[in-house]
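Please keep the structure in view as you go through them.

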Amino acid sequence: MPEIDPTNPVDVYVNSIRSVLFVDDGFPTLGDSDSSAFGEPERARALWKGFTERGWLCDIENRVRSGGGEGEAVLDPIVRRIANADLLVLDYHLDGNDPKDALEIVARLARDPSPNLVVVYTAETNLTRVLLSMAFAARGRREWPTDTKHQHAEVDIFFEVPWTLKDMKDFLCGSDAWHATWSEALQAHLDEDSLPEDSLSLGALTLENHLADFACIDTFNRDKIDKIASSETEYWFQCGNLFLVVVPKFVEAEPNGIEGAVHLDEHSALVDKLAAAIKSWDPPWMGCAIAQSRRPISDGAFRDDVVLPSDALQSALLHYIKRSTDDAMKRSRALEVAEHLLERRFAGGTRVLADALLAHLSEQADLQTDPDETKKLVELNAFLASLTTIPSHITLGTILKVGDEYWVCASPACDMEPRVPSQTLAPWHFGLAPFKPFQAVRLDVLTDESKVNKAAKEAEVGRNIFFYEVTEPGAHPSSRVGKSFEDNGDPRPKLELMFAAELGAFRDHKVGCWRCTVQPIAPPNDGQGPTRARPAFHECQAEVVGQLRAPYAERFLQYVGAHLSRIGVDYVGKARPPG
């Protein structure tokens, strides 16, 4: 395989292809003895020859239904084979002139968690229609509220809305630009008194039904297509892990003037159009670098730069996961182990990504001249100080959100393990179970722009804490800046004692807590002296929104005066008898 530039999209997504699968009912397979029984054996032979000369492994599948009948579902094994190929070349008309099988395959691939690179290969002359049908199949038909559907049926829309190609693409990508066409159509055909109350929902359903004419797919996959070709002469889209480009089949005239002869260099034209679509897509260079860095991992354990754990460690890691109390905690620990393995063990992927980062150093302008300097510094410091994954339980450095308040756990990690304490060794904690006591420091999140600018300027002083707020698993987190001291210079932290339910284990990123606070009960006498108050104990629901990295979390132990000679981390020991 040629040397791959991890910052070049064509190199990463096209030149690194190693296998291709053709799904075409007109192509004979190696198991078909009579190739003349198929419609395009010469085209299959030419493409096979061209791609194998490139060094690509080629395979053909010409049957996607179990019995070949209309009522049979697309076979799961076929979809799995497709997902295992680096490139799928899919015939648009797999069943005579009906594209339903190809549409169903694309809808299935759009739901697949693996990356899928697809070329839809077609003799259809209207490539725009093919593109829209495939994009609609990948997104899936949205389910509309009953009242909107009822309104659509009741309102007498006797005119045809002149939807443009741009309107349809904007709608598929979640843009509101199509509103203008809908509003103009309504105003031209209906008076103001006749306009429906929720005209935009009605317009969206009208456009949805218009697109549904291109693809009869009822399965809903995603809210929108991520990106689609803006040019009317380009035919590609990206939807999650699926990138698809529509390519016309080439034919040229035979000597007698009849079309039908296969273009001998058709495979090169197909690859060129795929490469042009990738260039037009223009994925971010970091995405390309990470995609390429994952390839050494997929190469398996035979690479000499992949350092696998020892047999003993592999067994111990499984023990570490298995000892969790329930399935949710087991999954959290499995993700923790996987993150450590991928970060530290696969040197090949790490080197690829490091080389890509170094290659872009010359393109990086000085942040001092960047108008977004503050925003970028806050994002950088949040990345350095916190994780984007949520642990399975409250531990040192866990950031909780209670209402509008942010709190960070400042108790040693070894104290926060969600296990029932020993009655003999820790009788007080045993008596509190299933509640887990911990100290929490209040973080005042900065929202004022001038204060955020000041925090970014003084970041190296260490008076603020930068962290990621993870609001949704898999989504890009928000960067926050918080402080744990008063503006008047008082160095003492805002400290509270909390008791976490279920030993601090999370359920759907939430945990029940009891807080010990002070409740005012009377104003000062004659306006003099402090407000009269008394301790109060009340229940609350805490949302887990972040986790500081160990060095930054340990600083909070110093804040609250924890004895630094304590271990402060948790190890895995031999099982002790109950009590």
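1. The largest share of the lining of the largest cavity, three residues, is supplied by helix H19, where helices (H or I, at least four residues) and strands (E, at least two) are DSSP runs numbered from the N terminus. A cavity is a set of points, on a 1 Å grid over the protein atoms alone, where a 1.4 Å probe fits but cannot get out, and lining residues have an atom within 4 Å of a point.

2. This is a predicted model, in which local features need pLDDT of at least 70 and side-chain atom pairs count only at pLDDT 80 or more, while totals for chains, interfaces and linings use all residues. Residues are numbered from 1 along each chain as its sequence is written, and side-chain values use heavy atoms, with hydrogens and water left out.

3. Searching the whole structure gives one cavity of 30 Å³ or more, and the volume of the largest cavity is about 40 Å³, a volume being the space filled by probe spheres set on the grid points, which are joined across faces, edges and corners. Strand S15 (478-483) and helix H19 (550-559) are the elements that each give two or more residues to this lining.

4. Among the residues that line the largest cavity are Gly462, Lys483, Arg555 and Tyr559.

5. For the protein chain as a whole, the secondary structure comes to 19 helices and 18 strands. Of its 579 residues, 42% are buried, that is, under 20% relative accessible area with a 1.4 Å probe, protein chains only.

Conventions: Buried < 20%, exposed > 50% of the residue type's maximum accessible area, 1.4 Å probe, protein only. 1 Å grid on protein atoms, 1.4 Å probe; cavity = no way out; pocket = protein on both sides within 12 Å on 5 of 7 lines; lining within 4 Å.
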